[in-house]
Amino acid sequence: MVRKAIAVALSLALFLLCLGCTAGVSQEEYDAVVAEVNAAQDEIVSLEAERDAVQDMVASMEAERDAAQAEATRLEAEVADLKDHRVEEAWIMASERYTTLRDSIGFNLEEIAPWVNLPEIPTWLDMAHLCSTILVDEPGAYEAACLITLPDEQIYMTLSEYGGITTALCQGSSQEYLMTIISDESGDTTEVTMKAGETWTIFNWTEIQDEMFFTADVDGEAYEVPWSDEPGDLEPICVDFVNWLGTINKTGGLITSSDQSLLFLGVGGLHASLSPSFLANWRVIASRVLVDILQGVPASGWW
């Protein structure tokens, strides 16, 4: 618009110059018109320089924008790949923990308690995002947190181990799950308290007159059996325990079927593979097997 106005002014000035040549204008008037023409030409040169600078700036900004978009696309791809990798890695880790525990007991637990099995890979696994972090990892202390995000839900799980007390919590699923495990100085499990929704359970291993007993309390229903730390004695204990659960209608696992795969994935995000010290402690292995029977997979890896 400015350039158009200057062009009009130049045309008018040239017209006046031509008119002055024929009509006879004073030198002062002629010089003034010439000065206006020169000023207009200088203005055109200045505006064209500004236009060129603006065009260069726009081109530079567009190049920076394109570079930023390309970098954002690359980072998004890396993040997506990392998320997919972490989900797959966590599922594999949980599966390895499961099979390691099952292989260590020497009998087919799934034949005794069919609901305790390795979950199938869920159809939503490729849509899941997993974020986990280890907050503390040192002798006698461990703390980790895991967040699983799906399009329509979020599951938050934590695990902490301090001074022989382990606490595991899961929130955001169909019901809340809480587990507390108490171990003695030798590392043997002495008590496991579990909450699944409105159901409370307590497992105890106690010595009475030089004999060890295992007791279970499930919503006020009591079960007690002599305990043995001999690996060969675990299978009949499990069979009897499953039969007792049938009498109180608690077979099938307290972790609901819709939550099992989610918690199983979280197990892999919370913990690494089973340690040699764990595999050397039969009481811990046996206690996890009984927890599995009551809660259902993935309780075996959730502490």
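Asp219 is found in the loop between strands E8 and E9; helices (H or I, at least four residues) and strands (E, at least two) are DSSP runs, numbered from the N terminus. The model is a predicted one, in which local features need pLDDT of at least 70 and side-chain atom pairs count only at pLDDT 80 or more, while totals for chains, interfaces and linings use all residues. Residues are numbered from 1 along each chain as its sequence is written, and side-chain values use heavy atoms, with hydrogens and water left out.

Although Asp219 is not a glycine, its phi is positive, about 50°. Its relative accessibility of 39% places Asp219 in the partly exposed class; buried means under 20% relative accessible area, exposed means over 50%, and partly exposed lies in between (1.4 Å probe, protein chains only). Asn249 likewise has a positive phi, of about 60°, without being a glycine. Asn249 lies in the loop between H4 and helix H5 (257-270), and it counts as exposed at 67% relative accessibility.

**Overall composition.** The chain contains seven helices and nine strands. Of its 303 residues, 41% are buried. The accessible surface, computed by the Shrake-Rupley method with a 1.4 Å probe, comes to about 16,500 Å², and 55% of this area belongs to carbon and sulfur atoms. Contact means heavy atoms within 4.5 Å. Among contacts between residues at least 6 apart in sequence, 53% join residues at least 24 apart.

**The nonpolar core.** A nonpolar core is a set of buried Ala, Val, Leu, Ile, Met, Phe, Trp, Tyr and Cys residues joined through side-chain atoms within 4.5 Å. The largest such core has 68 residues, and the members that touch the most others are Phe203, Phe214, Phe241, Leu265 and Ile293. Helix H7 (residues 282-295) gives the most to this core, with eight residues. In soluble globular proteins, nonpolar side chains tend to be buried together. Beyond four places in sequence, the contacts of Phe203 include Phe214, Phe241, Leu290, Val291 and Leu294.

**Helix H4.** Helix H4 covers residues 234-247. Its expected span, 1.5 Å times one less than its number of residues, is 20 Å for 14 residues, and the end C-alpha atoms are 20 Å apart, which agrees. Its buried residues are Leu234, Ile237, Cys238, Phe241, Val242, Trp244 and Leu245. Viewed down the helix axis, these fall within an arc of 160°, so they line one face of H4; the arc is that of the directions from the helix axis to the C-beta atoms. The packing partners of the buried residues are helix H3 (109-112), strand E7 (199-208), strand E8 (211-218), strand E9 (221-226) and H7. H4 is followed by Asn249, with its positive phi near 60°.

Ala145 belongs to strand E2 (residues 141-150) and is buried, with a relative accessible area of 12%. Its C-alpha atom is separated by 6.4 Å from that of Leu159, 14 residues apart along the chain. Outside four places in sequence, Ala145 touches Cys131, Ser132, Thr133, Tyr156, Met157, Thr158 and Leu270.

Thr201 lies in strand E7 and is buried at 0% relative accessible area. Thr201 and Val291 are 90 residues apart in sequence, with their C-alpha atoms 10.0 Å apart. When neighbours within four places in sequence are set aside, Thr201 is in contact with Val192, Thr193, Met194, Asp217, Val218, Leu254 and Leu294.

**Cysteines.** A disulfide is a pair of cysteine sulfur atoms within 2.5 Å, and by this rule the count is zero. The sulfur of Cys146 has its closest cysteine sulfur in Cys131, at 7.9 Å, which is too far for a bond. Cys170 is in no disulfide either, the nearest cysteine sulfur being that of Cys146. Two of these residues are listed below.
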